[in-house]
Amino acid sequence: MQLEKSIIEETNHQQQAAHQRKFDFVAEDINGLDTILKKLEDFNIAIPSWALGTGGTRFGRFSGGGEPRSLEEKIEDVGLIHALNRSSNSISLHIPWDIPSNAAAVKAHAAQLGLHFDAVNSNTFQDQASQELSYKFGSLHHVDKAVRKQAVAHNIEVIKYGVELDSKALSVWLSDGSNFPGQLNMRGAFERTLESLQEIYEALPADWKVWVEYKPYEPNFYSTTIGDWGQSYLLSSKLGNKAQTLVDLGHHLQGANIEQIVSLLLMEGKLAGFHFNDSKYGDDDLTVGSINPYQLFLIFNELVEGMDARGMNHATAIGWMIDASHNVKDPIEDLIQSVEAIKIAYAQALLVDTPALVQAQQNNDVVQAQEILQHAYRTDVRPLLAEARLRAGGALDPLALYRKQAVRNQLIAERGAKAVSTGL
Ligand SMILES: [Mn+2]
């Protein structure tokens, strides 16, 4: 299904007066308002194809109904989100869950909805029915050369699909690791991973990147072969300019200072991009900003400062993507909330009085530095986001409109109450 533009316009019209009041109130105190609004309009976050279905845990999965049954329906769902928020103009495919069998048709369908394709993701963390050798003991790091070869070939196949869709990056996350001390020679595992990644790197088109994601534990619980940003950075440095480190917010041990990691990767030109989510304990894959929105703001503060220092385009220089799994929410509602949370943190970071902060840092005025950051963080920027959406043709209040139109009920009517999204 698609949302009629007239419905969005009509609803915006009804909400216009209330919006204008809130917008005028916050806009009055903001310097460079139009530049900020333009940056907010330009800033889009990719939606992963696996996030349109209900997520599960190892204990079970409870479908919400009306889930997309095919890649085409997943694209439709991203189209719905983008029509509402005008901030989700791309989709990131996971192979083999979403193989585009007819790339030209898939691309045309997406383009109709104003969408393009972000990074493609490979999968060597589970076995597929058709595959010859098992990844039970790893893929790119496997002790058996034949398994490594199969995993390398899979990644090269994913690049091929991505080329057909005009993607520009391959995102690699490995579950490779060990569950028990002694299971693995760690140096050997790292060297074999590097060798395998080098073969994949060689297959990258000239204008492509490979994004190397890290994660400290799970599904392996003693060691992960690419366990932290240092190990990913080491690999991406050895590989070359087309390799960079991907930061997934949930892939850190508790208390890690992610903003510092981001700041240094950016300084070295090695920050590929983000997988956004939120967590309280581990890789919880919760809605972005639902647990710790202040940390998200601090990360964006480093991002904006670092990108400006390097003259980078905020919207396009880095890959922005959600990577979450929704156990109990309507996936579309969750994604609308996540995109909103990301853009709130971004908008707040744009409000930081940088010259004053530099001055405070120079003077070791710790109190003033905190005041400056928290002044930006405590500004209610939601009317700015709404205004940017309005200017881009989206809904003033995407979630409210989604509910008012009973979109999920329509999807259930169309696809069935038991429709289960492919891949999960
Ligand atoms: Mn991820």
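**Backbone first, then the sheet and the core**

Guide: Proline 219 sits in the loop that connects strand 9 with strand 10 (223-224). Keep in mind that this is a predicted model.

Visitor: What is the peptide bond from glutamate 218 to proline 219, cis or trans?

Guide: Cis, with omega near 10°.

Visitor: Which residue is joined to proline 96 by a cis peptide bond?

Guide: Isoleucine 95, and omega there is about 15°. Proline 96 belongs to the loop between strand 4 (90-92) and helix 4 (103-112). As background, most peptide bonds are trans, and most residues other than glycine have a negative phi.

Visitor: On phi, then. What is the value for aspartate 285?

Guide: Aspartate 285 has a positive phi of about 55°, and it is not a glycine. Its place is the loop between strand 12 and helix 9.

Visitor: Is aspartate 285 buried or exposed?

Guide: Buried: 21 other C-beta atoms lie within 10 Å of aspartate 285, and the cut-off for buried is 20 or more.

Visitor: And asparagine 364, buried or exposed?

Guide: Asparagine 364 is exposed, with 8 other C-beta atoms within 10 Å. Asparagine 364 also has a positive phi, near 50°, and lies in the loop between helix 11 (354-362) and helix 12 (366-377).

Visitor: New topic. What does the secondary structure of the chain come to?

Guide: The chain has 15 helices and 13 strands. Six of the strands form an open sheet with parallel pairing, in the order 6-7-9-11-12-13.

Visitor: Which strands stand at the edges?

Guide: Strand 6 (120-121) and strand 13 do. Each has a single partner strand, so one side of each has no neighbour in the sheet.

Visitor: Take me across the sheet from strand 9. How many bridges join strand 9 to strand 11?

Guide: Four bridges join strand 9 (residues 209-213) to strand 11, and the two run parallel. Within that pairing, valine 210 has alanine 243 of strand 11 as its bridge partner. Strand 11 then pairs with strand 12, again in the parallel sense and over four bridges. There threonine 245 is partnered by leucine 271 in strand 12.

Visitor: And what about strand 12 and strand 13?

Guide: They run parallel and are joined by four bridges. Histidine 275 is opposite methionine 321 in strand 13, and phenylalanine 274 is opposite tryptophan 320.

Visitor: How many residues of strand 12 are buried?

Guide: Six of the six, so strand 12 is largely enclosed by the rest of the structure.

Visitor: Strand 13 is an edge strand. Which way do its residues point?

Guide: Gly319 and Met321 point one way, Trp320 and Ile322 the other way, and all of these are buried.

Visitor: What do strand 11, helix 8 and strand 12 make?

Guide: A right-handed β-α-β unit. Strand 12, helix 9 and strand 13 also make a right-handed β-α-β unit.

Visitor: Stay on helix 8. Which residues in it are buried?

Guide: In helix 8 (residues 258-267), the buried ones are Ile258, Ile261, Val262, Leu265 and Leu266. They span an arc of only 125° around the axis, which puts them on the same side of the helix.

Visitor: What covers those buried residues of helix 8?

Guide: The cover includes helix 7 (229-239), strand 11 (243-248), strand 12 (271-276) and helix 9 (293-309). Just after helix 8, glycine 269 takes a positive phi of about 65°.

Visitor: And valine 262, what is it in contact with?

Guide: Leaving aside neighbours within four places in sequence, valine 262 is in contact with Val247, Leu271, Ile299, Glu302 and Leu303.

Visitor: Which residues of the largest nonpolar core touch the most other members?

Guide: Ile91, Val210, Val262, Phe300, Ile322, Ala345 and Ala347, out of 107 residues in that core. Helix 10 (residues 331-350) gives the largest share, twelve residues.

Visitor: Last one, on the whole chain. What is its radius of gyration?

Guide: The chain has 22 Å, which agrees with the value near 22 Å for a compact globule of 424 residues. Its C-alpha atoms fill a box of roughly 65 × 60 × 40 Å along the principal axes. Buried residues make up 46% of the chain.

Conventions
Residues numbered from 1 in each chain as written. Predicted model: local features only at pLDDT ≥ 70, side-chain atom pairs only at ≥ 80, totals over all residues. Core = buried A, V, L, I, M, F, W, Y, C linked by C-beta atoms within 7 Å. Buried ≥ 20, exposed ≤ 12 C-beta atoms within 10 Å, placed from the backbone. Contact = placed C-beta atoms within 7 Å. Arc of directions from axis to C-beta. Pairing = 2+ DSSP bridges. Right-handed = clockwise from strand over helix to strand, strands pointing away. Rg over C-alpha atoms; globule rule 2.2 N^0.38 Å.
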